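Please read it with the structure open.

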Amino acid sequence: MTLQVTRQNITSTMKIQNTPVLGGTAPRNARRTAEKLAGFALRWVKSIQPGLEGRRYLDVGCGNGFITELVAPAFDETVGLDVEETRLEDFRTHVGGKSNFKVLLMSAAKIEFPSEFFPFITSFEVLEHVPDLDASVREIVRVCRPGGIIVVSVPQVWFPFENHGVRIGRWHYPRKIPFLPYIRPLHRKWSLARVFSSAEMDRLFIQQGMELLGTSYVSPQFERAAAQANSWEGKFAFLKHMLCRCENIPGLRALTGVSMLKAYRKSP
């Protein structure tokens, strides 16, 4: 009974009225952001159960593979999945004919690989966009080997801006909305992507038999803004070094972290 109530609460908490929109792929000029996400993932490679390390790596929602390629050198074989063919074509072009890369059109909610197949899985900035969150989490956990690691990054609730825009009826506003994540009922109703608290993320994965290994935050790097002419966000780029220092300060790291990173290990 307790487990059923927990699942109902999670589904209710994370449900949003609008269909989540697909996220913008990581631009190849966003090097600092990519290195922060990939660096956190690589930190946990040594935590894979002995005997499983260095084999297969799966990136769910790989997009153009920009971040995937930074993690891939630690593994013999890399598989990238996404639902947008144009981004996958970019990924395939970039890796050329390297035989250790497989780039596949596939949904996070239906991963067409055997259970317990991958010892290391990442999903960067994806779960906020998937139509079926519960099914996607179940699938990611299903294909993870016992003793394997799952690393995810998602937008987190204490960052003061909603970055994906809103839809209210037929009206669509695609830009940043200040303080909307703090008003959860309105955010769930209007926003085009989810935000997550640390506790919500842990419940999603721990109820699937995962153990939390670590949590971190990534502050804005203003790299997208720098690529846009006359972007108001670009005027705040001088803050990035200060914000990076805040990533390691309790309290401040949540307020200044646009993304939250989590590492989990599947029980052996």
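The points below run from the overall fold to single residues.

1. Basis. This is a predicted model, in which local features need pLDDT of at least 70, side-chain atom pairs count only at pLDDT 80 or more, and totals for chains, interfaces and linings use all residues. Residues are numbered from 1 along each chain as its sequence is written, and side-chain values use heavy atoms, with hydrogens and water left out.

2. Overall make-up. The chain has 10 helices and 11 strands. Both are DSSP runs numbered from the N terminus: helices are H or I, at least four residues, and strands are E, at least two. Of the 268 residues, 50% are buried (under 20% relative accessible area; exposed is over 50%, partly exposed in between; 1.4 Å probe, protein chains only). Contact means heavy atoms within 4.5 Å. Among contacts between residues at least 6 apart in sequence, 75% join residues at least 24 apart.

3. A nonpolar core is a set of buried Ala, Val, Leu, Ile, Met, Phe, Trp, Tyr and Cys residues joined through side-chain atoms within 4.5 Å. The largest has 31 residues; Ile121, Leu127, Ile150, Met201 and Phe205 touch the most other members. Elements that each supply at least two residues include β4 (118-124), β5 (144-155) and α7 (198-206).

4. Second core. A separate core of 20 residues includes Trp44, Val45, Val71 and Leu261.

5. Met201. Beyond neighbours within four places in sequence, Met201 contacts Leu127, Val152, Val154, Phe196, Met260, Lys262 and Tyr264.

6. Surface patch. Trp158, Phe179, Tyr182, Ile183, Leu186, Ile249, Leu252 and Leu255 form a nonpolar surface patch, with about 730 Å² of accessible area together. Areas come from the Shrake-Rupley method with a 1.4 Å probe; for residues, only the protein chains shown count as cover. Patch residues have over 30% relative accessible area and no salt bridge; nonpolar side chains (Val, Leu, Ile, Met, Phe, Trp, Tyr) are joined within 5 Å, like charges within 9 Å. A salt bridge is a side-chain nitrogen of Lys or Arg within 4 Å of a carboxyl oxygen of Asp or Glu. Tyr182 sits in the loop between β9 (177-178) and α6 (184-190). Tyr182 counts as partly exposed because its relative accessible area is 37%.

7. Gly257. This residue lies in the loop between α10 (252-256) and β11. Gly257 counts as buried because its relative accessibility is 0%. Its C-alpha atom is 9.5 Å from that of Val157, 100 residues away along the chain.
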